[in-house]
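Hi,

Here is the structure I promised to pass on. Have a look at it first, and my notes on what turned up follow below.

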Amino acid sequence: MKHTKLLVLTFVLTLLFSFSAFAEPIVVKFSHVVANDTPKGKAAQYLKKIVEERTDGRMKVEIYPNASLYGDREAIEALQMNAIQLAAPSFSKFTGFVPELQIFDLPFLFNDNDHLHKVLDGEVGQKILKLVGQKGLVGLAYWDNGFKQISAKQRPLIKPSDAAGLKFRIMSSKVLEEQFKVIGANPQVLPFSEVYSALQQGVVDGQENTLSNIYTKKFHEVQNYMTLSNHGYLGYLLVSNKIFMNQLPEDLKKIFLGAVKDATEYARKIAKEVNQEYLKKIRESGKVEIIKLTPEQRQVWKEKMMEIYPEFYDVIGKDLIQKTLDAGK
């Protein structure tokens, strides 16, 4: 009898192991809109690598770059329906239902990367991540692109008044609109894909972007002057959805969230390295004159652009803005 029970138990265990060995992996579809050689693209590839390694193939991450599956706005809808499980849109795509995310568009909010990451990992950043959950989404992490620089074709931008009368391309953002209006410039909302031709044809005179975007999209070739202002942050929100996260077995969820944390650190590291590399390449190209502001010159820009803050106290929350500023003291 004991021998029979042992045989049955052995048979059952063998079956269980066999089923688990041949079980289909959980597929995680990750849609984003940039190339694989950008900070976001590289971070996505790294996340795929470590998730698949750490789960021994029980999870498979399929990456769809360059908007090959969805654009950012469509990706959010697809996430809500669990048609995809991961996306990393820019903050502006969420501000319709999480207006607090506009805080990251405020100019001169952060002193440097240390200040930025202290805020993202702290009370303010984590509170905003939770607010994303209102629409069936799960905010996982913030991925860096970098700090923005400002460029123009007509003249060097050394003081805020140098921008007066010039047309600057912006993403759709009330904060960015007011940022340029306060220095006497004219903001123009344009899709990212149209920026190069708009600069080339004179539809707009200038733009603001990270060094990696400026170089990879060749904006520096159709601009005469670029000021290293580091005036604003450009980042992405890594998001999943509640359907997927709730269905994920606890052991895999723990591994997955650990991988997200490590990929976020990687994203920060690679964004810093890539932007430094592209600054060197922009300088070596000789296509654009690079202006480095003195601390005093940068302070003039900062004081002028920060005049718009009170306009967003009600929308973003004065307390969130103040806590963010205090974190840099």
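Lys218 counts as partly exposed, because its relative accessibility is 44% (buried means under 20% relative accessible area, exposed over 50%, and partly exposed in between, with a 1.4 Å probe and protein chains only). Lys218 is not a glycine, yet it has a positive phi of about 60°. You will find Lys218 in the loop between H8 and E8; helices (H or I, at least four residues) and strands (E, at least two) are DSSP runs, numbered from the N terminus. Asn230 is another non-glycine with a positive phi, of about 45°, and it lies in strand E8. With 34% relative accessibility, Asn230 also counts as partly exposed.

Before going further, please note that this is a predicted model, where local features need pLDDT of at least 70, side-chain atom pairs count only at pLDDT 80 or more, and totals for chains, interfaces and linings use all residues. Residues are numbered from 1 along each chain as its sequence is written, and side-chain values use heavy atoms, with hydrogens and water left out.

On confidence, the protein chain has a mean pLDDT of 91, and 93% of its residues reach 70 or more (pLDDT is the predictor's confidence in each residue, from 0 to 100). Residues 2-21 are another matter: the pLDDT there is below 50, and the stretch has zero contacts in the model beyond near neighbours in sequence (contact means heavy atoms within 4.5 Å). Where pLDDT is low, the predicted coordinates should not be read in detail.

Now to the helices. In H3 (residues 72-80), the buried residues are Asp72, Ala75, Ile76, Ala78 and Leu79. Viewed down the axis of H3, they fall within an arc of 165°, so they line one face of the helix (the arc is that of the directions from the helix axis to the C-beta atoms). Their packing partners are strands E1 (26-31), E3 (86-87), E4 (137-152) and E8 (225-241). Just after H3, Asn82 takes a positive phi of about 65°.

Helix H5 (residues 123-131) buries Val124, Gly125, Ile128 and Leu129. These fall within an arc of 135° when seen down the axis of H5, so they too line one face of the helix. Glu123 and Lys130 are exposed on the face of H5 turned away from its buried side. The cover over the buried residues of H5 includes helix H4 (113-121), E4, E8 and helix H12 (313-326).

What about the core? The largest nonpolar core has 36 residues, of which Ile103, Phe104, Leu106 and Leu237 touch the most other members (such a core is a set of buried Ala, Val, Leu, Ile, Met, Phe, Trp, Tyr and Cys residues joined through side-chain atoms within 4.5 Å). H3, H4, H5, E4, E8 and H12 each supply at least two residues of this core, and H3 gives the most, with four. Leaving aside neighbours within four places in sequence, Leu237 is in contact with residues including Phe91, Leu101, Leu129 and Tyr142. There is also a second, separate core of 26 residues, with Val61, Trp143, Leu248 and Ala263 among them.

A search of the whole structure finds 15 aromatic pairs (rings of Phe, Tyr and Trp, the last by its six-membered ring, pair if their centres lie within 6.5 Å; planes under 30 degrees apart count as stacked, over 60 as edge-to-face and the rest as tilted). Phe104 and Tyr233 are an edge-to-face pair, because their ring centres are 6.4 Å apart and their planes lie at 70°. This pair links distant parts of the chain, 129 residues apart: Phe104 is in the loop between E3 and H4, and Tyr233 is in strand E8. Both residues are buried. Tyr215 and Tyr278 form a stacked pair, 4.9 Å centre to centre with 20° between the planes. Tyr215 belongs to helix H8 (residues 211-216) and Tyr278 to helix H10 (residues 250-285). Tyr215 is partly exposed at 26% relative accessible area, whereas Tyr278, at 8%, counts as buried.

Best wishes
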